[in-house]
Amino acid sequence: MNEQEKMQILIISGFLGSGKTTLLSHIIKENENRKIAILMNELGGFNVDSKILGEDTPYNELLNGCICCDLKSDVAIQINDLYHRHHPELIIIEATGVAHPVEIYDACTDPSVTKIATVQNITTILDCSRFLNRKQYSQTTQRLMEEQVKYAHIVVLNKIDLISDAEMLEVVETVTALNPKGKLIETTYCTLPADALSLYGDRIDEHVHLHHGIQSVVYEFKGAIDARQFVAWLQRLPESVLRVKGFIKFRENPEQVVLFQYAYGIPQYEEEMMNLQLKLVIIGESLNKQQLLNQLDLLQFG
């Protein structure tokens, strides 16, 4: 399946109460002739109101958990289920308000997903007033709100009717500083033109996508690698690398498959019972893909 034939995935991110469900409802109404399916995620039990989605819009739910925590493995299953049962052109993932966009993107890098779908973009919705007052929250929450903006391709500045012109200027300046290349859209009640989020296949230009936001590199090892050289490679990774995950073998114990995960500078190793493909996924911002591939070649053949 070539890239043009693949199903699109639109990730809708945004802090609690920013207007994600309102935007979702608007997208469905504006795209009645397009086959859309929804994957909704809530921290608590939640029944989607069929009147909001429309009777003809299929959806799956991920309940009682966050994509960025304990439900990541379920995302691939749910996306494949929607694809095979309904064959939509587009799946919209509406994540819980405390989900990190990198983690959501991470969940969409499963090989069973990349075979049938590609991420169209990450759209983050901002409650402008709440964003201006984000310092009332914990530092962790402040960081999440800012990173939801930082890693978006499109930032929807919502509820602009509730702030002054001076506050609007401050929001735009702050968002632009966090995400200089992001597309900004100002709205009230998430009212957008039908094609504002590239829902008719006008995907983000490939050149822009390669140099903006988050992306992934996949590398397949042919055999075991040296553990010390691997650790040295990790220590040299730039800050733009946000996640590394996959299955590897080390020459010190070449029969043992290891599940490896790396986030925020912390590596984790876990022995795997199954003899899985030795693939490593690197996720980050503005990655120098060729340099990473060359470095991994040196690990493999050095």
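## Cavities and a helix: worked exercises

This structure holds 2 cavities of 30 Å³ or more. Keep in mind that the model is predicted.

**Exercise 1.** Work out which elements line the largest cavity, and what kinds of residue they bring.

*Solution.* 
- Start with the space itself: the largest cavity takes up about 70 Å³.
- The largest share, 3 residues, belongs to β5.

**Exercise 2.** Describe the second largest cavity and the residues nearest its centre.

*Solution.* 
- Its volume comes to about 50 Å³.
- There are 11 lining residues, and H26, I27, L192, P193 and A194 sit nearest the centre.
- By type, the lining of this second largest cavity splits into 8 nonpolar, 2 polar and 1 charged.

**Exercise 3.** Check the span of helix α11 (residues 289-301), then find which of its residues are buried or exposed.

*Solution.* 
- Count 13 residues; at 1.5 Å a residue, α11 should span 18 Å. The end C-alpha atoms are 18 Å apart, so the helix agrees with expectation.
- Look for buried residues, those under 20% relative accessible area: in α11 these are L292, L296, L299 and Q300.
- These four cover an arc of only 95° around the axis, so they fall on the same side of α11.
- Turn to the other side of α11, and you'll find L298 and F301 exposed.

Notes
Residues numbered from 1 in each chain as written. Predicted model: local features only at pLDDT ≥ 70, side-chain atom pairs only at ≥ 80, totals over all residues. Heavy atoms only, no water. 1 Å grid on protein atoms, 1.4 Å probe; cavity = no way out; pocket = protein on both sides within 12 Å on 5 of 7 lines; lining within 4 Å. Points joined across faces, edges and corners; volume = space filled by probe spheres on them. Helix = DSSP H or I, 4+ residues; strand = E, 2+ residues; numbered from the N terminus. Nonpolar A, V, L, I, M, F, W, Y, C, P; charged D, E, K, R; others polar. Expected span 1.5 Å × (residues − 1). Buried < 20%, exposed > 50% of the residue type's maximum accessible area, 1.4 Å probe, protein only. Arc of directions from axis to C-beta.
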